[in-house]
Amino acid sequence: MERREFLQKSILVIVGASVPLSALTMIDPKKVFAENPDIQWAFLVDTNKCVGCGFCVKACKTENDVPFEANVSRTWVERYVYTKDDKRYVDSPKAAQDGFTESRIDLGRGEYQEIDKANVGKAFFVPKLCNHCSSPACTQVCPVGATYKTDDGVVLVDRTWCIGCGYCIMACPYGARFFHPIAKVADKCTFCYHRLSKGLDSACVNACPFKARRMGNIHDKNDPITQLIMNERVGVLKDEFGTKPQAFYIGLAQEVR
Amino acid sequence: MVGEIAQHAAMIVHGEAWTVKELFTLPNEYIYWSIQIVMYPYMTGLVAGAFVLSSLYHVFGIEKLKEIARFSLVFSFALLPVAMMPLMLHLQQPFRGIHVMMTPHFTSAIAAFGFVFSTYACIVATELWLVYRKYFVQTAVALKAQNNRSAIDSFRMLMFTALTLGAWDISDEAVKKDHKACKTMAGIGIPVACFLHGYAGFIFGSVKANALWMTPLMPVIFICSAVVSGVALCILCYVIVQEIRKFMAKRKIARWANDPTAPTIEELEGAKHEEVMISSNYLMYFMIAALTLEILDLIFRGYTQVKSWDILREVIMERDFTKIFIMQYGLGNILPFLIMVLPGRTVRRTTIATVLVLFGVFMMRYNVVIGGQAFSLSFSGFMDYTLPIIPHDLETFKEGLFGAMTVAATPFVLFFFINKVMPAFLKEEESTH
């Protein structure tokens with residue numbers, strides 16, 4: 001075969017092969033497995049309504065098999081107390097799974113601080129959970145792609161693939177991740193994806209007696225939660241990291257980090 | 001009862017065993033990256049540093065470093081597998097570790113580790129083969145010529161024959177070609193070694209959530225301190241091995257000591273002195289670079305005083321003051337520098353300095369890895385790390401004193417075996433480079 005002929009035939013083969021190949025598309029598992037890509041889940045916390053009962057934490061731990069004895073949690077509630085003499089105290093004993101039944105502040109190392117009620121300036125509770133960020137730092141750093149963001153906006157962990165290196169835990173600016181004490185892999189809030197996909201509310205939203213926690217589809221302009229996020233003055237946690245959190249807070253104090 | 005204990009142990013979250021929390025820390029915060037992650041950059045640093053020292057001779061032709069260069073190359077090879085060890089020991093799912101190679105997720109800084117590391121391993125192995133090819137051929141030929149071989153010698157013959165990879169030509173021309181190829185490999189090796197370690201720095205420096213780690217200087221700081229620790233370890237081991245050789249030559253313990261061509265004690269002493277002096281000069285240059293960058297980083301943080309400075313200042317200046325300023329900078333940098341820089345430097349003084357330098361670099365890794373986790377993401381609380389000493393389960397063994405010691409001891413065990421196949425000290429006529 002001459003060189004000219006060889007080149008001509010090669011081009012023909014390449015062109016011929018590229019036509020059927022172009023019919024193939026790369027399958028993106030995120031798209032295939034997302035329950036409904038038209039939905040973009042967002043969370044709304046109204047800190048003014050939270051009373052620190054801890055029902056949400058209890059419901060979450062029960063629903064998602066995170067042992068009560070384990071000192072980690074997918075969601076937790078923080079208590080902020082400001083005294084009139086300009087001191088600030090924060091605590092979240094056992095992630096507030098039993099609620100805030102004691103008025104003294106947990107200082108860690110088994111130490112507690114009693115605060116004179118007359119000295120309390122202001123105090124409030126802030127529920128926290130995974131922010132299911134739009135550009136999550138955790139999924140970026142996973143060396144094996146075991147954690148990923150679904151097309152409906154939920155960040156999940158594949159328990160069968162996680163190697164347990166802890167890089168995602170280090171990368172999360174919100175401390176939302178931990179090692180599951182039994183599964184021995186990274187674990188985090190899933191917005192109760194297994195419930196959402198059945199049309200149910202997530203466990204914590206369901207358990208909250210005061211509607212301090214709510215969820216909605218931010219792509220649906222008529223969704224009441226979307227309306228609230230659009231019309232109220234809402235804030236997000238630590239926006240300086242550029243992660244674009246999808247958990248919005250009404251009444252967020254500047255000191256809450 | 002046993003079941004109860006097992007259940008209770010299962011409820012201990014990873015990290016809880018060695019973390020003491022103080023004031024307000026988020027419920028999920030623990031020191032997740034413990035002593036093994038301190039060992040990881042320390043060991044990779046030693047690998048990279050040892051290789052850089054060997055390249056000084058191979059690439060830049062610093063003849064006086066010939067012997068220590070060959071030693072460093074063999075030692076670097078012994079250190080290589082150990083860079084992986086701490087990572088494997090720290091994984092919660094160690095059997096899935098291979099996923100990093102099989103399904104790498106390239107937006108992650110860790111994902112490329114397997115590839116960079118393997119490339120580097122190939123380069124070191126190639127270079128070693130080029131250096132030792134002549135020795136392999138000579139040994140294999142000599143063993144083949146023997147009439148009644150013992151079982152061990154037969155095995156050695158097979159092994160050395162295999163190691164020649166069928167390249168039996170040891171004419172001057174062929175050896176010259178080896179030398180040239182070796183130089184090229186060492187030349188490629190330097191940037192790869194720096195990349196390997198700079199990239200370990202990137203793994204930390206790119207964690208934006210961590211106020212102490214996040215700095216673009218991190219990779220450069222890591223490279224400089226890597227070279228410092230690698231050179232220091234090579235000098236130290238070289239001196240120790242030479243001392244052992246001297247002892248053996250004196251007592252005529254080793255087989256080679258009875259050989260009439262064996263180096264005399266004076267020769268061993270003379271060679272050692274010169275090589276140690278020159279290497280320690282390079283050690284000092286890199287120490288100056290490493291220290292300058294570290295201090296620059298500290299000053300910059302103190303001067304700019306961004307949001308995180310309040311908590312960082314408390315960690316650096318108060319809680320970890322002894323670990324950072326006394327142990328790392330004082331004992332690990334300034335003191336050994338003074339020991340080496342004062343006039344009338346001797347091998348003994350340099351050796352003491354290298355021990356201090358190695359300690360200093362270890363403390364630097366410790367202060368970065370553990371110090372970075374010493375404060376809460378809420379900036380309102382602290383976490384204290386207590387190294388598990390007596391292990392009470394697998395986890396406290398792996399991520400405790402004994403786990404770290406295992407990692408630290410392995411390269412020496414490996415060196416012992418590798419040295420049997422590729423002796424770090426060859427007589428002139430056997431060696432090509």
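## Strands, helices and the A–B contact in a predicted model

Strands β2 (residues 76-83) and β3 (residues 88-91) of chain A pair in the antiparallel sense over four bridges; two strands count as paired if DSSP finds at least two bridges between them. Helices (H or I, at least four residues) and strands (E, at least two) are DSSP runs numbered from the N terminus. The model is predicted: local features need pLDDT of at least 70, side-chain atom pairs count only at pLDDT 80 or more, and totals for chains, interfaces and linings use all residues. Residues are numbered from 1 along each chain as its sequence is written, while chains are lettered from A and ligands numbered from 1 in the order in which they are written.

Within this pair, Val81(A) stands opposite Tyr89(A) of β3(A). The two strands β2(A) and β3(A) form a hairpin with four residues between them, and Asp86(A), in the turn, has a positive phi of about 65°.

Chain A also holds an open sheet of four strands with mixed pairing, in the order β11-β1-β13-β12. Strands β11 (213-217) and β12 (234-235) of chain A stand at its edges with a single partner strand each, so one side of each is left without a neighbour in the sheet. Helix α8 (residues 224-231) of chain A packs on this sheet, touching β1 (41-46), β11, β12 and β13 of chain A. Residues are in contact if their C-beta atoms, placed from the backbone, lie within 7 Å. β12(A) runs antiparallel to β13 (residues 247-250) of chain A, joined to it by two bridges; Gly235(A) has Tyr249(A) in β13(A) as its bridge partner.

Between the chains, 44 residues of chain A are in contact with 42 residues of chain B. On the chain A side, β3, α4 (137-141), α5 (167-171) and β9 (178-179) each supply at least two residues, and the largest share, four residues, comes from α5(A).

α7(B) bends by about 25° at Gly189(B), and the proline Pro191(B) follows within four residues. In α3(B), a kink of about 25° lies at Leu79(B), shortly before the proline Pro81(B). Such a bend is the angle between axes fitted to the seven residues ending at a residue and the seven starting there.

Conventions:
Contact = placed C-beta atoms within 7 Å. Axes fitted to C-alpha atoms, helices over the stretch in contact; angles between N-to-C directions.
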